[in-house]
Amino acid sequence: MVKNPERRTFVAWLGALLALPFAPRRALAQSEPVEAMLQKVTGGAAVQSGRVNLDIPVLAENGNSVSLKVSVDSPMSASDFVKSIHLYAEKNPRPNIANFYLNPRVGRAQISTRVRLAGTQRVLAVAALSDGSFWSGTAEVSVTNSSCYDGT
Amino acid sequence: MTARIQMPKQATRGQVVEIRIAIQHPMETGFRRDDGGREIPKNVINKLICRYNGVEVFRAEMGSGVAANPYLDFFVVADASGELVFDWVDDNGMTGSERAPIVVTG
């Protein structure tokens, strides 16, 4: 029962304002949140979960070099292929790790590389397909020794 | 900037071949400091393009989240004899290039 909706909004704002100083502090401020970066890639289109497989070790001892394999379930034919794959590490000071641009001539939508991870976090991969749809996959990684972002 | 490419020298037409490239580069994040406490400016290979007989088949945009001495492993359909040319550039504008021939039969 909402008796006074304006009062509700006011209380909500007040709560948010009070909580502001306690917002989680990051070691380094991020240039841009992942959501905003994704928005530029998708243009606001919905991202469905699935078809993208992220293969990263569950436990990484050293965040300076973590092997990563991303693959997308796609025939990679002339009419149905993966246009691009975008990788994000949400806790990295620059979350956008890399973007890969593909076409039917690669034959298989699979890329392996080695990445830096600033701490235990979730890694996100988003694939843009030729039919205009977007798909995503995630992987949780525990990093024992974070990457040297703090200057050590 | 030296690079090492690993890929088959020969393939049958239509075969999906694996391409591996590793480039020597520190991929400086811009968050590190040298012994004197001065910031080491960010310098990463931000773009790599692979062309197959002149046509782009694969392109990578990279940031500081890619580990030092960047390594990429991807696939290409062998459709004609010729060569694959890899071109890359870092934040300082330094460019590098490497090429590898491929013989396609059948």
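**Before starting**

Residues are numbered from 1 along each chain as its sequence is written, while chains are lettered from A and ligands numbered from 1 in the order in which they are written. Because the model is predicted, local features need pLDDT of at least 70 and side-chain atom pairs count only at pLDDT 80 or more, whereas totals for chains, interfaces and linings use all residues.

**Stop 1: chain A as a whole**

Chain A holds two helices and nine strands; helices (H or I, at least four residues) and strands (E, at least two) are DSSP runs, numbered from the N terminus. Starting at the N terminus, the order of elements is α-α-β-β-β-β-β-β-β-β-β.

Of the 152 residues in chain A, 36% are buried. A residue is buried if 20 or more other C-beta atoms lie within 10 Å of its own, exposed if 12 or fewer, and partly exposed in between, with C-beta atoms placed from the backbone. Two residues are in contact if their C-beta atoms, placed from the backbone, lie within 7 Å. Among contacts in chain A between residues at least 6 apart in sequence, 68% join residues at least 24 apart.

**Stop 2**

Centre the view on A:Ile85. Setting aside neighbours within four places in sequence, A:Ile85 is in contact with A:Val70, A:Val72, A:Phe100, A:Ile111, A:Ala125 and A:Ala127.

**Stop 3: where the chains meet**

Show both chains. Here 29 residues of chain A are in contact with 24 residues of chain B. Strand E6 (96-101) and strand E7 (110-115) of chain A each supply at least two residues of the side of chain A that touches chain B. That side divides into 13 nonpolar, eleven polar and five charged residues. In this count, Ala, Val, Leu, Ile, Met, Phe, Trp, Tyr, Cys and Pro are nonpolar, Asp, Glu, Lys and Arg are charged, and the others, Gly among them, are polar.

**Stop 4: a sheet with strands from both chains**

Now select the strands of one open sheet, in the order E2(A)-E4(A)-E7(A)-E6(B)-E3(B)-E1(B). The six strands pair in the antiparallel sense; two strands pair if DSSP finds at least two bridges between them. Strand E2 (52-55) of chain A and strand E1 (3-6) of chain B stand at the edges, each with a single partner strand, so one side of each has no neighbour in the sheet.

The sheet can be followed pair by pair:

- Strand E4 (residues 66-72) of chain A and E7(A) are antiparallel, with six bridges; A:Leu68 stands opposite A:Thr113 in E7(A).
- E7(A) and strand E6 (residues 71-77) of chain B are antiparallel and joined by two bridges; the partner of A:Ser112 in E6(B) is B:Asp73.
- E3(B) and E6(B) are antiparallel, joined by seven bridges; B:Ala22 stands opposite B:Tyr71 in E6(B).
- E1(B) and E3(B) are antiparallel, joined by four bridges; the partner of B:Arg4 in E3(B) is B:Ala22.

**Stop 5: individual residues**

Select A:Met76, in the loop between E4 and strand E5 (82-89) of chain A. Is A:Met76 buried or exposed? A:Met76 is buried, because 21 other C-beta atoms lie within 10 Å. Its phi is near 50°, a positive value in a residue other than glycine.

In chain B, select B:Asn53, in the loop between E4 and strand E5 (55-62). Phi of B:Asn53 is near 50°, again a positive value in a residue other than glycine. B:Asn53 counts as partly exposed because it has 13 C-beta neighbours inside 10 Å.

B:Val44 is buried, since 22 other C-beta atoms lie within 10 Å. B:Val44 and B:Asp90 are 46 residues apart in sequence, yet their C-alpha atoms are 5.2 Å apart in space. Not counting residues up to four places away in sequence, the residues that B:Val44 touches include B:Met27, B:Met62, B:Val66 and B:Asp90.
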